[in-house]
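Open the model in your viewer and keep the selection tool ready. The tour goes stop by stop.

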Amino acid sequence: MKIQRKEAGHRPIHDRIKDFSEVEQTLNSHDRKEQASRCMDCGVPFCHWACPLGNKPPEWNAALAKGDWERAYAVLSATNDFPEFTGRVCPALCEKSCVHNLTDYAPTTNRENEAAITEAAWREFYIKPQKYERNGMKVAVVGAGPAGLFAANRLNRLGYSVTVFDKNEDAGGLLRYGIPNFKLNKAVITRRTDLMKEEGIEFRFNEEITVPSDKLAGYDAVIIATGTPQARDLNIPGREAKGVHLALELLAQQNRVLAGTEFTAADRITAKGKDVLVIGGGDTGSDCIGTAHRQGCKSVTQIEIMPKPVDGPEDPQNPWPNYPRVLKTTTSHEEGCTRRWNINTLEFIAKDGKVAGVKIQPIDWKPNPDGGRPIMVEAGEPETIKAELVLLAMGFLKPQHPEFPENVFLCGDAANGASLVVRAMASGRQAAYDVHKYCMAKAQK
């Protein structure tokens, strides 16, 4: 408790908005080890419980504090196959559960430590391709997002011949086509999937598979990890106006542009020189804000239909052990954004077929006398926000699936609806062991 929490910080705003490189910086090795030493090896480590993967921060922080980076990675990778992903994009549920956080709101820097340990492991060649003895059974994984990749990796280690199918041109799912490069450099994904290929996993891209499919004949089991492809839309007057897009249309296209894909001027979605409105107050909306700035927007406004969260370290209405529902200000917000809450969207206003503004109205929420969802009521006069690009970032719909044969397993967002990357990875791990249990039982019959 004598050592203060020290974060790596971010690149200066005037510098980072000029490119799509990662905004987060790193600490030197001395400072990183010192930060790891803040972990108190609590008698009841709530961080273990809070992490969907069951990561063990006290154990790998202890190794890091002593300078044993190899040991730290061995402990970390025992529960987390891809700590370079979560070390960049996880909201760090472990830190919200850290005893430091519960006492002085200064948790151990677990997420940053995790990323630093993993980068050291790659740099020092602690991570090397392994060969696994094959058991003669084959598994197909449909979807190469975090859940599918985790399932494939675990099954490969157990000796299965694994083929991963994906409709996109490369692996990663939302890691590659949803999360901007300024949060997760795509070379980080490629580095890991290249290793998976060396270890025997086959990837087949540009193949959209539906189950059942003739392409899946001959596999002992199939894992569906196709995520939540259906974004929540806003079907109000004027929705057909040009310039109104689902958030992932912008984010996926921008990531593809950075990867070298070319688009015609007519197909290109860009915020350059435009007033941008983002509808939706979550992480996807934040990613749209950061992307709009890097594309050269004129201004950005973000509106959210729900009330403004508590601006403080904790929410008295949502105490521990619940996740704190407090105001989140991201690096994208810091780059410039007008934020408004309790705003309902009424109409997209078009001029010559293109969106020029959005009619909105302040609202409020009152308790529902019958229980359940609060009732929305008007709280002000309608007004119009100027907007030449509107991005809908209102979340995703949980997929509906038919009944599958007993050898088909669901995982990740395909099974549970949209959630965190770390939860998708945990679900992928569980699916791998469910498949293993099923296949072993089948082999014994």
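Helices (H or I, at least four residues) and strands (E, at least two) are DSSP runs, numbered from the N terminus. The model is predicted: local features need pLDDT of at least 70, side-chain atom pairs count only at pLDDT 80 or more, and totals for chains, interfaces and linings use all residues. Residues are numbered from 1 along each chain as its sequence is written, and side-chain values use heavy atoms, without hydrogens and water.

Select Pro212. Pro212 sits in the loop between strand S3 (202–204) and strand S4 (221–224). Its peptide bond with Val211 is cis, with omega about 5°.

Stay in the loop between S3 and S4 and pick Asn206. Asn206 is not a glycine, yet its phi is positive, about 55°. Asn206 is exposed (over 50% relative accessible area; buried is under 20%, partly exposed in between; 1.4 Å probe, protein chains only), at 57%.

Next, Asn342, in the loop between strand S8 (338–340) and strand S9 (343–351). Buried or exposed, at 17% relative accessibility? Asn342 counts as buried.

Now go to Trp320 and Pro321. The peptide bond between them is cis, with omega near 10°. Pro321 lies in the loop between strand S7 (299–303) and helix H15 (331–334).

Last, show H4 with H9. In H4, Pro57, Trp60, Asn61 and Leu64 meet Asn110, Asn113, Glu114 and Ile117 in H9; contact means heavy atoms within 4.5 Å.
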